[in-house]
Amino acid sequence: MANPLKLYLTCVRNTLEAAMCLQNFPCQEVERHNKPEVELKTSPELLLNPVLICRNEAEKCLIETSINSLRISLKVKQADELENILAKKFLRFLSMRAEAFQVLRRKPVQGYDISFLITNYHCEEMQKQKLIDFIVQFMEDIDKEISELKMSVSTRGRLVATEFLKQFL
Amino acid sequence: MATFERASPALKEILLRIYNAEKPIEVDHHLYEFGSVEYYIKSSASEPFTYLSISTPLLSQGVFLSYGLSPYTLQMVRDISIDALDIVEPPTDGYQLTLRLDFSKLPHDKESLKIITEVSSVQAVILSSQLKEMLQNVNSWDISQGMYKPIKLIYHPREPFYVIRQPQKIVAVFPMRFKDHSDVIIATSFFQELMDVGSSGKWAKVPHCNWSPIPPPELIGEPFEDLSTNGGFVSFDISSHHVEGKRLDKTVWSLLNFYAYVKHHVKCTRGFIQRRMRRRMDSLVQVLEKSMIEENGEIKKIKGNAGWKKMKKWMRLTSKSKMIKRRYHDFRKKMKRIRFRIKIHGFARFRRRWLTMPNFSSSMGYTQLKNNN
């Protein structure tokens with residue numbers, strides 16, 4: 001892992017370890033309801049300060065915490081048009097299958113490419129450390145996958161171009 | 001997706017079957033191929049000839065649509081095999097050309113396979129000869145403003161391309177249009193690779209390829225709707241080397257199918273991206289499964305979409321089991337009533353008094369004191 005990426009991911013990991021202290025908290029406004037407070041934002045006393053971690057202008061991670069839920073939004077690096085459409089396609093593909101991931105949000109927060117919503121119930125069902133590992137590994141894998149996809153598309157294009165030009169020989 | 005070979009594989013197979021049959025066989029086939037191409041093959045046991053009719057979109061120049069085949073094209077078709085092939089006039093209804101094939105006049109060696117392959121590529125022969133004729137007959141050459149006038153050719157509707165004749169070469173320009181923005185990006189990446197490969201030393205003999213997002217200077221003066229594209233312009237410089245002898249047919253066929261080739265590549269790339277995304281998603285889900293807390297020594301596994309479906313199934317099962325219990329209880333009551341339908345007068349009172357278990361515990365909870373006075 002390159003140094004800048006390692007520092008970025010370490011910073012995200014440490015912030016998540018501090019932020020992922022969630023407990024059950026019923027809704028203060030509607031009885032017998034239990035809602036993720038980070039989504040509603042109706043009670044400011046239940047919200048913590050959001051933390052924005054920027055690797056550079058193009059890559060950043062927003063961590064918003066509340067008493068019973070945590071939202072992580074990621075902006076992925078997109079160097080050119082091809083990476084742009086590949087990232088868009090891939091992250092939309094994952095978001096549409098959010099139920100497979102449980103902690104993934106179907107629609108990303110505005111200004112970001114993908115978002116996670118972790119509630120106290122997820123923390124009860126899953127191990128906290130491994131959940132953090134998953135988020136960090138997800139960030140790493142997304143970058144790797146988009147780079148590999150871009151390289152594969154270019155390689156395919158080159159092979160097809162070679163085959164086309166062979167016809168003229 | 002149809003193959004990009006000149007010879008139609010399906011047509012070749014049928015013709016070979018007829019040729020290799022020991023006795024004349026009955027054949028009546030209609031073949032439909034990509035690009036609105038239609039073949040009709042008819043052969044009967046009583047007649048020694050096989051009839052092949054073909055209907056194909058023709059190459060049009062500008063706004064003038066082609067109707068029928070020119071004598072030059074017909075001559076090029078006859079040249080495939082002078083002995084075994086003859087053109088039938090008039091052609092079968094609904095087709096542009098009907099050929100009469102006499103397989104008995106074909107040589108009994110590898111040459112016959114070659115001729116049958118050429119007959120199977122009759123569509124390519126028609127289109128190539130049309131393009132050759134157009135290039136030969138251009139009024140040589142309309143020069144306006146010091147530049148040769150481009151010739152607009154239409155093979156597929158809404159996909160015209162231009163051919164510009166220059167002193168040392170012919171330039172073929174393809175305005176590229178795509179419906180989807182992601183198709184534009186994938187195609188642009190392909191065109192850049194095409195340029196890179198074509199400009200390398202190893203491929204010096206192939207036509208020089210160029211891509212630009214804006215119309216090339218040769219197309220100045222052409223209608224705006226023809227020059228408005230989202231995929232840029234791809235141009236090939238065809239020199240005399242590329243049109244010598246047998247290379248001419250290959251070059252012409254490759255140029256005519258360039259649009260279809262690009263669109264096929266874009267479609268395949270999208271499918272490839274989709275497959276990779278699915279595989280990657282499966283590997284990411286497996287990482288998440290490892291974070292599940294162990295229950296009773298087993299890790300709760302929720303695989304992909306099955307997790308949500310399992311929960312729904314479980315909820316349905318629990319409500320079902322309650323229903324089953326209730327129904328069983330009702331059934332038991334009913335059975336008891338049926339079994340005890342035989343009534344004996346006074347037995348109920350007798351049962352209540354003598355057959356019930358006595359209650360040893362006192363409901364009041366105290367013992368009465370004896371009165372000693």
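Is A:Glu163 buried, partly exposed or exposed? At 43% relative accessibility, A:Glu163 counts as partly exposed, and the report below, which concerns a predicted model, begins from this residue and its partner.

## A salt bridge within one helix

In chain A, the side chain of A:Glu163 meets that of A:Lys166 in a salt bridge, with a distance of 3.2 Å from N to O. Both residues belong to helix α6 of chain A, where they are 3 residues apart, or about one turn of the helix. A:Lys166 likewise counts as partly exposed, because its relative accessibility is 43%, a value that falls between the limits of under 20% for buried and over 50% for exposed.

## Salt bridges around A:Arg71

Side chains of opposite charge can pair when their charged atoms come close. Over all chains the count comes to 23 salt bridges. One of them is formed by A:Glu39 and A:Arg71, at 3.0 Å from N to O, and this pair links distant parts of the chain, since A:Glu39 lies in helix α2 (residues 37-40) of chain A and A:Arg71 in strand β3 (residues 69-75) of chain A, 32 residues apart. A:Glu39 has a relative accessibility of 26% and therefore counts as partly exposed, whereas A:Arg71, at 8%, counts as buried.

A:Arg71 also forms a salt bridge with A:Glu64, in which the closest N and O atoms are 2.9 Å apart; here both A:Glu64 and A:Arg71 are buried. These residues belong to a network of salt bridges that links A:Glu39, A:Lys41, A:Glu64, A:Arg71 and A:Arg105.

## Strand β2 of chain B and its neighbours

Strand β2 of chain B, residues 37-43, is mostly covered, with 5 of its 7 residues buried. Strand β1 (residues 27-33) of chain B runs antiparallel to β2(B) and is joined to it by 7 bridges, and within this pairing B:His30 has B:Tyr40 of β2(B) as its bridge partner. The hairpin of β1(B) and β2(B) has 3 residues between the strands, and in this hairpin B:Gly35 takes a positive phi near 90 degrees.

β2(B) is also joined by 6 bridges to strand β3 (residues 50-55) of chain B, again in an antiparallel arrangement. In this second pairing, B:Tyr39 has B:Ile54 of β3(B) as its bridge partner, and the hairpin that β2(B) and β3(B) form has 6 residues between them.

## Aromatic pairs between and within chains

A pair of aromatic rings is described by the distance of the centres and the angle of the planes. The structure holds 19 aromatic pairs over all chains. In one of these, the rings of A:Phe164 and B:Tyr261 have their centres 5.1 Å apart and their planes at 50 degrees, so the pair is tilted. Because A:Phe164 lies in helix α6 (residues 128-166) of chain A and B:Tyr261 in helix α8 (residues 258-289) of chain B, the pair joins two chains. Both A:Phe164 and B:Tyr261 are buried.

A stacked aromatic pair is formed by B:Tyr40 and B:Tyr95, with 6.1 Å centre to centre and 20 degrees between the planes. B:Tyr40 lies in strand β2 of chain B and B:Tyr95 in the loop between β5 (85-87) and β6 (97-101) of chain B, so this pair ties together parts that are 55 residues apart in sequence. B:Tyr40 counts as buried at 15% relative accessibility, and B:Tyr95 is buried with a relative accessible area of 11%.

Ring pairs also link a cluster that draws on both chains, made up of A:Phe164, A:Phe168, B:Phe161, B:Phe174, B:Phe190, B:Phe191, B:Phe236, B:Phe258, B:Tyr259 and B:Tyr261.

## Charged groups over rings

In chain A, A:Arg97 lies over the face of A:Phe93, at 3.8 Å from the ring centre. In chain B, the charged end of B:Arg100 sits over the ring of B:Phe49, at 5.1 Å from its centre.

## A nonpolar patch on chain B

The surface of chain B carries a nonpolar patch of about 560 Å², made by B:Ile344, B:Phe347, B:Phe350, B:Trp354 and B:Leu355. Of these residues, B:Ile344 is placed in the loop between α9 (306-339) and α10 (347-354) of chain B, and B:Ile344 counts as exposed because its relative accessibility is 57%.

Technical notes: Residues numbered from 1 in each chain as written. Chains lettered and ligands numbered in written order. Predicted model: local features only at pLDDT ≥ 70, side-chain atom pairs only at ≥ 80, totals over all residues. Heavy atoms only, no water. Patch = residues over 30% accessible without salt bridge, like charges linked within 9 Å, V, L, I, M, F, W, Y side chains within 5 Å. Areas by Shrake-Rupley, 256 points an atom, 1.4 Å probe, with all protein chains shown as cover. Salt bridge = Lys/Arg side-chain N within 4 Å of Asp/Glu carboxyl O. Helix = DSSP H or I, 4+ residues; strand = E, 2+ residues; numbered from the N terminus. Buried < 20%, exposed > 50% of the residue type's maximum accessible area, 1.4 Å probe, protein only. Pairing = 2+ DSSP bridges. Phe/Tyr/Trp six-rings, centres within 6.5 Å; stacked < 30°, edge-to-face > 60°. Lys NZ or Arg CZ within 6 Å of the ring centre and 35° of its normal.
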